Every structure is written in C-alpha cells, then in structure tokens.
Amino acid sequence: MSELDKKIKDCIARFSKERLRTGDSILYAIVGISFLLAALVSLVYSYWDFSSIIWNVHEPRKAAEAIIRFVSDLLLVIIIMEVMGTVIHYLEEHKTDLRPFLNIGIVSATRGILSISAKLSVETLQGQDFINAMIELVVNVTVILILGITLKLLSTTFDVGDRKVKTRSPNQS
C-alpha cells in the first residue's frame, strides 16, 4: 500500500469518525430532550393525580394512599432526571459513568419499598402474599445496601486521565 493510499484511508477514517460522533451527539440530544419532556409530563401528572384524589378524600386512609402514591410518582421523576443526567454527562464528556445508574437503582428500590408499604397499609396480606411482600421488601433493602456500599467504594477513588487516584479515607484528617 502506497503512502498516498494510507493518507486517503486516514482522511476517510477521520471524516467518518467526525460525522459519526456528530450523529451520536445529535441522537443523544434528542433522547435527552425526550427525557426532559417525559419528566415534565410525569411531574404535571403527579400533581394532577394527587390533587384530584386529595380534594375528594373522605377517609384518612385514602389520603395516606394518595401521599404515598405522590411520593412514588416524584421518585419516578427523579429516576427520569438521573437518566437524563447520564445523557448530559455523555454529551459533555463523551464517556459514561456508573454512579448515576447506581443512584437510579437506589431510588428504584426505595420506590419499591414505598409501593410495598402502601400495599401493606391499605390491605391485610396473609399467607403466601405476605411472604412475597416481605421477600420483595428484603430484596429492595438489600439492593439499597449493596448499591450504597458500591457508591461508597467508588467515591474513594476517582479518575485522573488514565489512572485512578485514591482519596483520603474518612477517618484520615
């Protein structure tokens, strides 16, 4: 292969790489805007649903259900915003980070705990249904603990270029 052929291939590769990166960024921007719209719609719906239930409540139990449902809906908005944050981070750095996904997992497990709590506050579960609810509760708590520990372990190191740098441990001053 001649020197000219190599230069032409390099030129084509650079041109293709730039166009693909631009297309990638455009698609990520569209997805990010879509997440923003989904978060806004979800937030508006959460307030609408909560207010429509609260204004027609005649029993304290229904008000408690509405509050738990509202908090769960708000946590869904936070999950959507966390995913949108990963899109923003990718557009800025052209890298993905593990931490937002761990946060999403923690918020999702918290939402699951709220869902189980709401179900238990409204109805009396017995037998296998109660056992299943308790297993689900334990799994969600375990997920929160594991993801929290993982976040803590990740926070003791951070990236500097191509190397990892250890930060001071909390008990060092």
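Trainee: What covers the buried residues of α1?
Mentor: The cover includes α2. Keep in mind that this is a predicted model.

Trainee: Which residues of α1 are the buried ones?
Mentor: They are Gly-32, Ala-39, Ser-42, Ser-46 and Asp-49.

Trainee: Take Ser-42. Why does Ser-42 count as buried?
Mentor: Its relative accessibility is 12%, and buried means under 20%.

Trainee: And what does Ser-42 touch?
Mentor: Leaving out residues up to four places away in sequence, Ser-42 touches Asp-73, Leu-76, Val-77 and Ile-80. Ser-42 itself lies in helix α1.

Trainee: How far apart are the end C-alpha atoms of α1?
Mentor: They are 75 Å apart. The helix has 52 residues, 3–54, and at 1.5 Å a residue it should span 76 Å, so the two values agree.

Trainee: Let me back up. How many helices and strands does the protein have?
Mentor: There are four helices and two strands. Starting at the N terminus, the order is α-α-α-α-β-β.

Trainee: And how much of the protein counts as buried?
Mentor: 20% of its 173 residues.

Trainee: What about contacts, how many are between residues 24 or more positions apart?
Mentor: Among contacts with a separation of 6 or more, such residues account for 66%.

Trainee: New topic, rings. How many aromatic pairs are there in the whole structure?
Mentor: A search of the whole structure gives four. One of them is Tyr-28 with Tyr-90: the ring centres are 4.1 Å apart and the planes are at 25°, so this pair is stacked.

Trainee: Where do Tyr-28 and Tyr-90 lie?
Mentor: Tyr-28 is in helix α1 and Tyr-90 is in helix α2. The pair therefore ties together parts that are 62 residues apart in sequence.

Trainee: Is Tyr-90 buried or exposed?
Mentor: Tyr-90 counts as buried, at 13% relative accessibility. Tyr-28 is partly exposed, with a relative accessible area of 27%.

Trainee: Which residues do ring pairs link into a cluster?
Mentor: Tyr-47, Phe-50 and Phe-70.

Trainee: Now pockets. What is the volume of the second largest pocket?
Mentor: About 170 Å³.

Trainee: Which helices each supply at least two residues of its lining?
Mentor: α2, residues 60–93, and α3, residues 99–122. α2 gives the most, with six residues.

Trainee: Which residues line that second largest pocket?
Mentor: The lining is Ile-53, Lys-62, Glu-65, Ala-66, Ile-68, Arg-69, Ser-72, Leu-114, Ser-115, Ala-118, Lys-119 and Val-122.

Trainee: How does that lining of the second largest pocket split by class?
Mentor: Six residues are nonpolar, two are polar and four are charged.

Trainee: How accessible is His-94?
Mentor: His-94 has 29% relative accessibility, so it counts as partly exposed.

How values were computed: Residues are numbered from 1 along each chain as its sequence is written. This is a predicted model: local features need pLDDT of at least 70, side-chain atom pairs count only at pLDDT 80 or more; totals for chains, interfaces and linings use all residues. Side-chain values use heavy atoms; hydrogens and water are left out. On a 1 Å grid over the protein atoms alone, a cavity is a set of points where a 1.4 Å probe fits but cannot get out, and a pocket is an open set with protein on both sides within 12 Å along at least five of seven lines; lining residues have an atom within 4 Å of a point. Grid points are joined across faces, edges and corners, and a volume is the space filled by probe spheres set on the points. Ala, Val, Leu, Ile, Met, Phe, Trp, Tyr, Cys and Pro count as nonpolar, Asp, Glu, Lys and Arg as charged, and the others, Gly among them, as polar. The expected span of a helix is 1.5 Å times one less than its number of residues. Buried means under 20% relative accessible area, exposed over 50%, partly exposed in between (1.4 Å probe, protein chains only). Contact means heavy atoms within 4.5 Å. Rings of Phe, Tyr and Trp (its six-membered ring) pair if their centres lie within 6.5 Å; planes under 30 degrees apart count as stacked, over 60 as edge-to-face and the rest as tilted.
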